[in-house]
Amino acid sequence: MTLNHLCIIGAGSIAAELLDTLAHVLEAPLERLIVLQRAGKTTLPEDMAQAASRCAITVQASDNLADVIAARPDLAIECAGHGAVHAYGEQLLENGIETVIASTGVLADDAWHDRLRRAAQAGQTRLVLPAGAVGGMDILAALQNGTLDTVAYTSRKPPHAWRGSPAEAAVDLDSLTGETVFFEGSARRAAVDYPQNANVAATIALAGAGLDATTVRMIADPDVQANIHQIEIASDGAEVQVRIVGKPTARNPKTSLPTVYSLVREVMRRRGPIVS
Ligand SMILES: NC(=O)C1=CN([C@@H]2O[C@H](COP(=O)(O)OP(=O)(O)OC[C@H]3O[C@@H](n4cnc5c(N)ncnc54)[C@H](O)[C@@H]3O)[C@@H](O)[C@H]2O)C=CC1
Ligand SMILES: O=C([O-])CC(=O)C(=O)O
């Protein structure tokens, strides 16, 4: 099946960059695109409207999930935050709409993990966790079939990228003179406490050693400009080190550009006959 009808949930940094990128990489436009926004927002910002019109022949903006369910898109991509997964995830899945979520940290809550799993089963579809800002999920998920001894994730970002997160209470982000570790704990704790910053902690944990056995460190570092993600894996099958220097999106320093490209990949791998 070729993806012809796409739903994007959210109209923030990732959604805008997703549309810009899709406009460049799609060889032929989609038939339909529906963008689901917050209540009260039924038109797209001008820059997004222009990019959307290059991505699809018919573009619809809505603030109502019922419009999306009625439109029956081939795929829905959430890039709007944990609240949006809570608000729409179950209904999309129960209605048989395959759904990719950027906000994977929602699954760090066992009750939500269970609800979304049941919804996907009921709708005979899938909830897809993209690699997002990181990589190496292929080998991590493969090694998980043997014995994973250690999976440790470190996220290092400039201080301003941690604004608006609990890091503000832990350290004075404005006066840091060197790298400062402000969080050490489980992937579950990281994903729950840092919903806008630690989705990849959940992504890595769910691909590998689980939410409690995967360890996370978060660092504010005034000497870096990029969002640097490191994953150290020790296992019976391989020792793996992944280091990604992610460039922040122009619109949101918290978010790395590979997140956007990973969502673009989820579209493109449903458009061609050969998938990698
Ligand atoms: N898996 C990964 O690697 C990453 C995941 N993320 C996730 O993606 C989310 C979005 O990131 P950005 O685009 O950078 O954030 P952003 O703050 O720039 O944009 C979020 C957008 O979602 C909209 N929104 C919020 N609640 C909504 C709802 N209930 N219904 C419809 N729209 C709603 C907002 O109005 C805004 O337009 C983050 O909050 C985070 O959960 C972000 C970065 C990396
Ligand atoms: O984009 C990133 O660097 C990672 C991120 O914000 C997240 O995991 O939520």
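**Around the ligands**

In this predicted model, three helices each give at least two residues to the shell around ligand 1: H1 (13-25), H4 (82-94) and H9 (199-207).

Q: Which helix supplies the largest share of the shell around ligand 1?
A: H1, H4 and H9 each supply at least two shell residues. The largest share is three residues, and the element it comes from is H4.

Q: How many residues of the shell around ligand 1 are charged?
A: There are 24 residues around ligand 1, with Ser13, Ile14, Tyr88, Ser103 and Thr255 coming nearest. Sort the shell by class and you get 11 nonpolar and 12 polar residues. That leaves the charged class, with a count of one.

Q: Where does ligand 2 sit?
A: Around ligand 2 there are 13 residues, and the nearest are Lys157, Asn199, Val200, His229 and Ser256. By class, its shell has three nonpolar, eight polar and two charged residues. As for the site, ligand 2 sits in the largest pocket.

Q: Which elements give two or more residues to the shell around ligand 2?
A: Ligand 2 sits in the largest pocket. Two or more residues of its shell come from each of these elements: H9 and strand S10 (227-235).

Q: Which residue places an N or O atom of its side chain 3.1 Å from an oxygen atom of ligand 2?
A: Start with the backbone contacts to oxygen atoms of ligand 2: glutamine 196 has a polar backbone atom at 3.4 Å, and lysine 254 has a backbone N or O atom at 3.1 Å. The protein covers 95% of the 260 Å² of accessible area that ligand 2 has on its own. The side-chain contact at 3.1 Å comes from histidine 229.

Q: Why is the pair of tryptophan 162 and tyrosine 194 edge-to-face?
A: The whole structure has four aromatic pairs. For tryptophan 162 and tyrosine 194, the ring centres are 6.5 Å apart. Planes over 60 degrees apart count as edge-to-face, and the planes of these two rings are at 85 degrees.

Q: How many residues apart in sequence are the parts that this pair ties together?
A: Tryptophan 162 is in the loop between strand S7 (148-157) and helix H7 (167-170). Tyrosine 194 is in the loop between helix H8 (187-193) and H9, so the pair ties together parts whose separation in sequence is 32 residues.

Terms used: Residues are numbered from 1 along each chain as its sequence is written. Chains are lettered from A and ligands numbered from 1 in the order in which they are written. This is a predicted model: local features need pLDDT of at least 70, side-chain atom pairs count only at pLDDT 80 or more; totals for chains, interfaces and linings use all residues. Side-chain values use heavy atoms; hydrogens and water are left out. A residue is near a molecule or strand if one of its heavy atoms lies within 4 Å of it. Helices (H or I, at least four residues) and strands (E, at least two) are DSSP runs, numbered from the N terminus. Ala, Val, Leu, Ile, Met, Phe, Trp, Tyr, Cys and Pro count as nonpolar, Asp, Glu, Lys and Arg as charged, and the others, Gly among them, as polar. Rings of Phe, Tyr and Trp (its six-membered ring) pair if their centres lie within 6.5 Å; planes under 30 degrees apart count as stacked, over 60 as edge-to-face and the rest as tilted. A polar contact is a pair of N or O atoms within 3.5 Å; within protein, one must be able to donate a hydrogen and the other to accept it, and residues adjacent in sequence count only if both atoms are side-chain atoms. Accessible areas come from the Shrake-Rupley method with a 1.4 Å probe; for residues, only the protein chains shown count as cover. On a 1 Å grid over the protein atoms alone, a cavity is a set of points where a 1.4 Å probe fits but cannot get out, and a pocket is an open set with protein on both sides within 12 Å along at least five of seven lines; lining residues have an atom within 4 Å of a point. A molecule sits in a cavity or pocket if more than half of its atoms lie within 2 Å of its grid points.
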